Amino acid sequence: MRVRIRDTAVALLAASTAVAAGACGSDGGGGTEGGDGPKIGILLPDNTTARWETQDRPLLEKEIAERCGDCTVETANAKADVAAQQQQMDSMIANGADALLLVAVDARAMASAVRKAEADGIPVVAYDRLAEGPVSGFVSFDGEQIGRLQGTALLRAMGDEVPGAEIVMMNGDLSDPNAVLFKRGALSVLRGKVKIGKAYDTLQWRPEAANQNMSAAIAALGGEGIDGVYAANDGLAAGSIASLRANQVRPLPPVTGQDAELGAVRRIVAGEQYMTVYKPFRPEATAGAEMAVAAARGENLGRVAGDDVTTRDGHEVPAVTLAPVPVTVNNIEDTVVKDGVYTVRQICIPDLAAACRTAGLT
């Protein structure tokens, strides 16, 4: 993926403000009720990564409603099933969607569905992950920069152990193009400075798979032989840390992460996870909502986007590329707390009372 900056700031569409009531079905479907205006479909990839249902879904539905009071929004979660997401997308196309916002379970596998939407005149905005096929727009963070932030933090955390340190790389699912970018960015920092003892590409980003892989790494390298763990997101960090603890690896090596999940922030306070990468949810949801509404109204997406992205097939499409933020114990209050993602009370549960005082949170 190649990004070219066209403007220094994202141009925002003027929009009307109206709030629509939301409803969620037990099957993962649901959305907002609008009027006779445009229909927008939101396709989420899984319920394993906490952000999709706890952050992106409510924010996207709210932001779309505020910009398009007569829009109807349908939201579906594929629960990591490619076939289910293809069926959900087929259903939205058949129901007359005017635009689709897609977080692809598998970027390559969803290409045919994206082509079908285009053939029916329905623009597809790729959200967070660049789906293959003729997408009309893209909203995400700089994936390689995320990997570089993780790799740089891991080197800093290992301190005197570098050079000569041996690490385990717990990468994401490479069917997700973001995972490829994270890995590439991390390796650009780590390669030549540490020894990569074991590396794993984790199917469907499953924490339990990371747990099993870390146990295999410990068996091969020995707990004392692991100086650091590159974990591509917080779920993989959680699975890796659980394995390290179960195998009585003490002290825990520094572990990276991504997504600023509440559990990860608590682990950072507790000293179990060194860092996470915070991708401010609201700016991404705002840009995604504006692009989806513009697409549904047949407007030029270049008015929303500040960048271009080159897709796998060589086409340039309008894109919004946002900046990720590293989070350690030293800046929790200035990032996720300041932005209202979590309160100190949510983070500082009773078991973390002493650690929160040490971190200056209470």
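The structure holds 2 cavities of 30 Å³ or more. A cavity here is a set of points on a 1 Å grid over the protein atoms alone where a 1.4 Å probe fits but cannot get out, and lining residues have an atom within 4 Å of a point. This is a predicted model, in which local features need pLDDT of at least 70, side-chain atom pairs count only at pLDDT 80 or more, and totals for linings use all residues. Residues are numbered from 1 along each chain as its sequence is written.

Here are the two side by side.

| Cavity | Volume | Lining by class |
|---|---|---|
| Largest | about 110 Å³ | 3 nonpolar, 4 polar and 6 charged residues |

The largest cavity has a volume of about 110 Å³. Its lining counts 13 residues, and R129, D176, W205, D259 and K279 are the closest to its centre. Helix 1 (51-67) and helix 5 (177-190) each give two or more residues to this lining; helices (H or I, at least four residues) and strands (E, at least two) are DSSP runs, numbered from the N terminus.

Around the second largest cavity, the lining includes D128, F141, N178 and K279. Strand 8 (137-141), helix 4 (143-158) and helix 5 each supply two or more residues there.

Three strands form an open, parallel sheet in the order 10-9-11, where pairing takes at least two DSSP bridges between strands. Strand 10 (195-201) and strand 11 (228-231) are the edges. Strand 9 (residues 166-171) pairs with strand 11 over 4 bridges, and M169 stands opposite Y230.

Technical notes. Side-chain values use heavy atoms; hydrogens and water are left out. On a 1 Å grid over the protein atoms alone, a cavity is a set of points where a 1.4 Å probe fits but cannot get out, and a pocket is an open set with protein on both sides within 12 Å along at least five of seven lines; lining residues have an atom within 4 Å of a point. Grid points are joined across faces, edges and corners, and a volume is the space filled by probe spheres set on the points. Ala, Val, Leu, Ile, Met, Phe, Trp, Tyr, Cys and Pro count as nonpolar, Asp, Glu, Lys and Arg as charged, and the others, Gly among them, as polar.
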